[in-house]
Amino acid sequence: MKLNMPLAMTIFTLALSACSNGGGGGNAPVTPITPNSPAPTTTVPDVVGEFTYEYKFNGCSTGKHKLLSKKEYCDALLNDALNNNCARELRIEGYNRSCTTIQPANPGMLPAASTARCIVNGMDLKDRTFLDNINPFNPQRRQSFRDIFWDARKQQSYNILFSAVDSYGKASFVMTPASGTYSAMGQIQLQQKKGMDTFSVTSGLGSQIRMVVTNYNMEKEVETVCLSDKSFKKSKVDLSRVRCTYRLGDMSDRSPSKEEVFAWDTRHEIQKEIFRSRQRESIVVRLKPASQGQEERVEIEAIEVDLDKTLKAESTLNEGLQVRYQGRQSRTDLVVSCAPASK
């Protein structure tokens, strides 16, 4: 028997309806489930304001969270209960990426009652495993921040690198009061390998002092910036001639320092390598003109000291600058000082 076309189409439609409703068993229609993508969806503005994130993984979602500060955002990422115990590895990756990243070291403005402010940034240079990167207690980058209150009456040392372990070393800022014709001084000190390697940078207080130590043996880099109150600045002198002295030798060596004198127009940056050894150690001095609200500055870079360490320091030229490295295991003693020749 032949079915006409309208009747055949009606039967076919009824059959499809029965299949889609579970064979007519009376069950409610089933809504298809779209698997969640394992890639996280996160939005973190670069400016201070609202921080929003949401992570999804294997059908589990943290929910969408809106925070009003960077600290709240970072604390929220590590809170399992807040995030429904979901996407923990993705959250920790986000924490290491956004909450431990070294920002440009800028101490900002000092509070009215503060004498100095120091920021220390440490970075792990070695190749890290996946477990290293997701461990919030072993971040690739670490930062310490401290405001210092000093009465300017006696020398005092302040710890400025806070770390549960000694992986980056110990850092301090030493402040020495003015005495006679000498102005108040600030010194950044960094000790690594339990004091076997000691780095220091000394300059007059009143401006910004910066030191960067790259230790390829330890695979660590530590950057320290300390800003002190402008009231410590001394009267400006003639900067057109700059004298630099340096000495590299054994700690027991009493060999005299060598000297280099720069003639400078104070308007254009100049650079000169004043020392190079057979072991590739070198010392480079850079004089930088005033710009962007900063006075004329001097930068000293000691490259490949003890073959595997680089020390870079910068401060206001008028205040002078000295860098020093002491390697007690190798008994290396490096001292470089630069200051206006009229000082």
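Eight strands make up an open sheet in the order E8-E9-E10-E11-E20-E21-E14-E15, with antiparallel pairing. The edges belong to E8 (156-159) and E15 (258-263), each with a single partner strand, so one side of each has no neighbour in the sheet. On average, neighbouring strands here are turned by 15 degrees against each other, direction ignored. For that angle, axes are lines fitted to C-alpha atoms, and angles run from 0 to 180 degrees between N-to-C directions.

A word on the ground rules. This is a predicted model, where local features need pLDDT of at least 70, side-chain atom pairs count only at pLDDT 80 or more, and totals for chains, interfaces and linings use all residues. Residues are numbered from 1 along each chain as its sequence is written, and side-chain values use heavy atoms, with hydrogens and water left out. Strands are DSSP runs of E with at least two residues, numbered from the N terminus, and two of them pair if DSSP finds at least two bridges between them.

Over in E10 (residues 185-192) sits Gln191, which is partly exposed at 37% relative accessible area; buried means under 20%, exposed over 50%, and partly exposed in between (1.4 Å probe, protein chains only). The C-alpha atoms of Gln191 and Lys170 are 5.3 Å apart, although 21 residues separate them along the chain. Beyond its neighbours within four places in sequence, Gln191 is in contact with Gly169, Lys170, Asp197 and Thr198, where contact means heavy atoms within 4.5 Å.

Now for strand E6 (residues 116-124): nine of its nine residues are buried, so E6 is largely enclosed by the rest of the structure. Both faces are covered, with Ala116, Cys118, Val120, Gly122 and Asp124 on one side and Arg117, Ile119, Asn121 and Met123 on the other. E6 runs antiparallel to E7 (residues 141-148), joined by eight bridges, and Ala116 has Ile148 as its bridge partner in E7. Nine bridges link E6 with E13 (residues 220-228), again antiparallel; there, Gly122 has Val222 as its bridge partner.

Thr214, in strand E12 (residues 208-215), is buried at 7% relative accessibility. Its side chain makes a polar contact with the side chain of Glu221 at 2.6 Å. (A polar contact is a pair of N or O atoms within 3.5 Å; within protein, one must be able to donate a hydrogen and the other to accept it, and residues adjacent in sequence count only if both atoms are side-chain atoms.)

As for charges, the count comes to 23 salt bridges, each defined as a side-chain nitrogen of Lys or Arg within 4 Å of a carboxyl oxygen of Asp or Glu. Among them are these:

| Pair | N to O distance |
|---|---|
| Arg117 and Asp147 | 2.6 Å |
| Asp333 and Arg247 | 3.1 Å |
| Arg276 and Glu273 | 2.9 Å |

Arg117 lies in E6 and Asp147 in E7, so this pair ties together parts 30 residues apart in sequence. Arg117 is buried at 11%, while Asp147 is partly exposed at 24%. Asp333 in E21 (residues 332-340) and Arg247 in E14 are 86 residues apart, and both are buried. Arg276 is exposed at 53%, with Glu273 partly exposed at 37%. There is also a network of salt bridges linking Arg286, Lys288, Arg297, Glu299, Glu301 and Glu314.

Definitions and conventions: Helices (H or I, at least four residues) and strands (E, at least two) are DSSP runs, numbered from the N terminus.
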